[in-house]
Amino acid sequence: MRAIDMHTTMAHPTRALAEADRLMVICNSCRYCEGLCAVFPAMERRNLFKDGDLNFLANLCHGCGACYADCQFSPPHEFDVNVPRTLARVRGESYQTYAWPGALSGLFARNGLAISLIAAFSVAAFLLGFFIWADPSVLTGTHVGPGAFYRLMPHNVMALLFGGVFVYAILALTMSMRAFWRDIAGNTPAGGIGAFLQAVKDAGSLRYLDGGGAGCMNDDDKPTDRRKHYHHATFYGFLLCLASTTVATLYHYFLGREAPYPWWDLPVVFGTLGGIGLIVGPVGLLVAKFKRAPELLDETKSGMDVAFIVMLLLTSVTGLALLVLRATPAMGVLLAVHLGVVFALFLTMPYGKFVHGLFRFLALVQHARESRGDH
Amino acid sequence: MVDLEKQYDVLVVGGGNAALCAAIAARRDGASVLVLEGAPKFYRGGNTRHTRNIRCAHDAATETLTGPYSEEELFDDLLRVTGGKTDEPLAKHMIRESKEVLVWLQEQGVRYQRSLGGTLTLGRTNAFFLGGGRAMLNALYDTAEELGIDILYDAPATAVTIENGMFLSATVTHESKPHQVRARTLVAAAGGFESNIEWLKEYWGDAAENFLIRGTPYNRGSVLKMLHNAGVQETGDPTQCHAVAIDARAPKYDGGIITRLDCVVFGVVVNKHAQRFYDEGEDIWPKRYAIWGRLVAQQPDQIAYIIFDASSLRLFMPSLFPPITAGSIRDLAGKLGLDADALEKTIGDFNAGVRPGTFNHADLDDCRTEGVTPPKTHWARRIEQAPFYAYPVRPGITFTYLGVRVNLESRMLMADGKPAANMFAAGEIMAGNVLTKGYAAGIGMMIGSVSGRIAGRGAAKNARN
């Protein structure tokens, strides 16, 4: 009997979901990987694998690859068990399935191209805007001291633009998280704040990106993966940048202190540290992505992964360049480029790899809720 | 790179748990080591690929073991499964060594976890490998590579030159070319012959054609045969193999754990004539699952069907294939290709014989039949609640017991009783010295790791002298 002929527990709309169901039947009758991560204990609580269950399991999977290297049935075995790749495909599809508004879910297809175009367009728009509205002498002039940026773009315009795109991103992300949550939460008893805190801990430490303690696979079947560190650098770098922006906004409105700030002030310290994290992390992740064993890759979603990593990298590189060169005539153009990149980053957040963090967090919350039921 | 021209201190033939433990132990004692694995890299490790735990003695609970398991208790368990037939000094020696091996394996990179879901009864006695047997193998191979052990895959030993109990060289076929490999000592750790249907047919006749092999097709016993031909003493019953009933739809080879079926005790088992042939409720399943391979092997065409109803569907671990389902016993017979009248009569007679009782699948309960032959002495409940289910089963061969005789050093003994000059054996190829029949979960891995480590050390020492 060929592997493909083996059964699933129900019918599914896509090939990836059907394949995930087939694998969960195999894994559920083996269970050797139970100690590697959260996916397998979560799987054992189920007999039937509905689309929502598979989307839940797929987002619980951190793609560490340990279960592939450890599986006695992975290819070339005729059972053809490749859990990391199959769940990566389901995960990729799930972002699209729950996207809001549904009409924009197509952005996930050829995501790399879509996001590059949006980013390029945003940067061009900011550059053009500066050229049209700012005096050329202002654009290429040297500006220092409080309010220097706002001579290029009035603060209110900047706040309106970014506030608007930010609010839109939050709305779209909330709506898609809601749809995802409804599908995966089922009628599990509420886990209360405990489950939430557990998920914060598990997400914050990337608990399940360690192959159960032996380490993750990336380049080959050896547990030599460093993605956890690069991901930490990226994630905490991103949070520091957010903190930088938040503190700056508070300064502006409550203390009346205008950017740019001196190098020792909190927004710059946070932004610099975060920016460094957002360079080291994404570069490491990008290198790991290119070195990843082909059998673990969901090749159809590589564009999405790369686009998001590159967007983060561009954000930090342009931001740091702005910091270093802000007292030179290059400041005007750099500011436009940086703002364009950040604008595109927010605008595309609900339609790219960014959602993986939110979906994974919700999956971890659900896993924590279910785990509580075990005891 | 592997240099087939050079003379190694230790040649290890085989690539499973025992082989790797031997190679690592020898290398750590300073020997140069070559490992010849007959299988391609993916299938390396023979039956170890499909294992999940090891049964070692230990004095106290550990992070992953729930309590102590004394040497005496492990020895008693061995006596129980073998019916008292074991090489007692060797068994006791190995059990003593198993305590150290439990920790030694961790030092070689092997990781343990708590017992898996559905295996709570083994939580105290058996250390489970994190990620299963293949993960364990990966760790051992990584360590072996780091230590500078040479490893060749797709490299079956096709001949050995042995003179008066002295190993001189082995012929290995690699990339379609034969090579002579010389070494000062030999560790044979190449498993049994469970994948060699022709050999199995010598004892089982044509019935062996219908056997399914639970491990890889590479366990052909060729090294075992060469050693016997070279005058090494045999041990173990050649006619015996460990056979369980597995799903008949499983592939011929390497279906592993996921084709097992734990539901015999919940229903009845009939042969192709729709007749029952053995007490399905004789004892709790872990004590009886290993007799069902042989029972089915004795039935016509080596096929049988486990039949149960809706009340039992959720009582056992899921397995790879779905049960065959029908709304009535008659329809079920049709789907299985059985005589419908005969199956209805068998189920009807069985149902009529079921006495009232309190069902408890965790213990020997009082649900039994009367006036039915054969009786079902526990967990007998009427099969009456539609839908009805069936699993077709065939004998699934796990391992064989025939091996080479060894002494306490894991050194082979020649037919005249003298120890071989430079030949050691480890793992399934010598397990028959202590495990003459029967099986207890994780005992094969204990024998493999312990004998491997003893053989590796002995071989390294032997090579130095």
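You are looking at a predicted model, where local features need pLDDT of at least 70, side-chain atom pairs count only at pLDDT 80 or more, and totals for chains, interfaces and linings use all residues. Residues are numbered from 1 along each chain as its sequence is written, chains are lettered from A in the order in which they are written, and side-chain values use heavy atoms, with hydrogens and water left out.

**Cavities**

- A cavity is a set of points on a 1 Å grid over the protein atoms alone where a 1.4 Å probe fits but cannot get out, and its lining residues have an atom within 4 Å of a point.
- Counting those of 30 Å³ or more gives 4 cavities, where volume means the space filled by probe spheres set on the points.
- The largest cavity comes to about 120 Å³, and of its 15 lining residues, A:Cys27, A:Cys30, A:Cys33, A:Phe40 and A:Cys71 are the closest to its centre.
- Helix H1 (15-28) and helix H4 (66-70) of chain A each give that lining at least two residues; helices here are DSSP runs of H or I, at least four residues, and strands are runs of E, at least two.
- That lining splits into 11 nonpolar, 2 polar and 2 charged residues, with Cys counted as nonpolar and Gly as polar.
- The second largest cavity holds about 100 Å³, and A:Cys37, A:Cys61, A:Cys64, A:Gly65 and A:Cys67 lie nearest its centre among 14 lining residues.
- Its lining has 11 nonpolar, 3 polar and no charged residues.

**Helix H10 of chain B**

- H10 (residues 340-353) of chain B has 14 residues and reaches 20 Å from first C-alpha to last, close to the 20 Å expected, which is 1.5 Å times one less than the number of residues.
- Its buried residues (under 20% relative accessible area, 1.4 Å probe, protein chains only) include B:Leu343, B:Thr346, B:Ile347 and B:Phe350.
- An α-helix has 3.6 residues a turn, so residues three or four places apart point the same way.
- Among what covers the buried residues of H10(B) are strand S13 (268-271), strand S14 (304-309) and helix H9 (329-336) of chain B.
- At the N-terminal end, B:Asp339 caps H10(B), with a side-chain oxygen 3.0 Å from the backbone nitrogen of B:Asp341.

**B:Asp9**

- B:Asp9 sits in strand S1 (residues 8-13) of chain B and counts as buried because its relative accessibility is 16%.
- Its side chain makes a polar contact (a pair of N or O atoms within 3.5 Å, one able to donate a hydrogen and the other to accept it) with the side chain of B:Arg184, at 2.5 Å.
- Leaving out residues up to four places away in sequence, B:Asp9 touches residues including B:Gly30, B:Ser32 and B:Ala463, where contact means heavy atoms within 4.5 Å.

Note on methods: Buried means under 20% relative accessible area, exposed over 50%, partly exposed in between (1.4 Å probe, protein chains only). On a 1 Å grid over the protein atoms alone, a cavity is a set of points where a 1.4 Å probe fits but cannot get out, and a pocket is an open set with protein on both sides within 12 Å along at least five of seven lines; lining residues have an atom within 4 Å of a point.
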